[in-house]
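Please consult the sequence and the structure shown below alongside the text.

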Amino acid sequence: MTNFKTIHTDFWMLRLPADWAQREANDGKSIYLESADGTKGAYLTTWTLAEDDERPAEEVAAAFREADLKALRNMAGYAWKIVSEVSRGTGTACVSITDCLAAEKSYRVVGKILVAPPVVIRAAFHDYGCGDYETSLNYFAPIVDSLQFYVGQD
């Protein structure tokens, strides 16, 4: 059984296996968390939309999702397949999850975007050694599901 710990910022909270730790992010904007063995990681970035941005939450989530997919498509030597997509929204809030797999490289990325304007949380969960999709799915499901806006409780 995996032991979990809860971490949070002023904007989001997440439950991770206890062996995960924060590492230095290479982009300077994200928080990067990684498993002790280095085979799994997560980048989380918080964005604040401009005051005059009046797009519905679903439109904002779609724009972030497309930017994430474009970044994957631009990775030379990787053939990404979208395994599943789900998006739920109310106009004022939205959650979008995209599960992508580059099977020949044993690499899986799950993107989760939370939108409650003006705040957007963008998370990318990486399985760098995804030899078995079902195992990866079972490992990451409780982690991805746990990501939510932080509202002051622990």
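Which helices and strands each supply at least two residues of the lining of the largest pocket? In this predicted model, the elements that do so are α1 (57–73), β7 (94–102), β8 (107–116) and β9 (119–127).

**Largest pocket**

- The volume of the largest pocket is about 400 Å³.
- The lining consists of 22 residues, and those closest to the centre of the pocket are D68, V109, R122, A124 and H126.
- Helix α1 contributes six residues, the largest share of the lining.
- By residue class, the lining comprises 12 nonpolar, six polar and four charged residues.

**Cysteines and disulfides**

- With a disulfide taken as a pair of cysteine sulfur atoms within 2.5 Å, the model has zero disulfides.
- For C100, the nearest cysteine sulfur is that of C130, 12 Å away, and C100 is in no disulfide.
- C130 is likewise in no disulfide, its nearest cysteine sulfur being that of C100 at 12 Å.
- C100 has a relative accessible area of 2% and is therefore buried, the cut-off for buried being under 20%.
- C130 also counts as buried, because its relative accessibility is 6%.

Technical notes:
Residues are numbered from 1 along each chain as its sequence is written. This is a predicted model: local features need pLDDT of at least 70, side-chain atom pairs count only at pLDDT 80 or more; totals for chains, interfaces and linings use all residues. Side-chain values use heavy atoms; hydrogens and water are left out. Buried means under 20% relative accessible area, exposed over 50%, partly exposed in between (1.4 Å probe, protein chains only). On a 1 Å grid over the protein atoms alone, a cavity is a set of points where a 1.4 Å probe fits but cannot get out, and a pocket is an open set with protein on both sides within 12 Å along at least five of seven lines; lining residues have an atom within 4 Å of a point. Grid points are joined across faces, edges and corners, and a volume is the space filled by probe spheres set on the points. Helices (H or I, at least four residues) and strands (E, at least two) are DSSP runs, numbered from the N terminus. Ala, Val, Leu, Ile, Met, Phe, Trp, Tyr, Cys and Pro count as nonpolar, Asp, Glu, Lys and Arg as charged, and the others, Gly among them, as polar.
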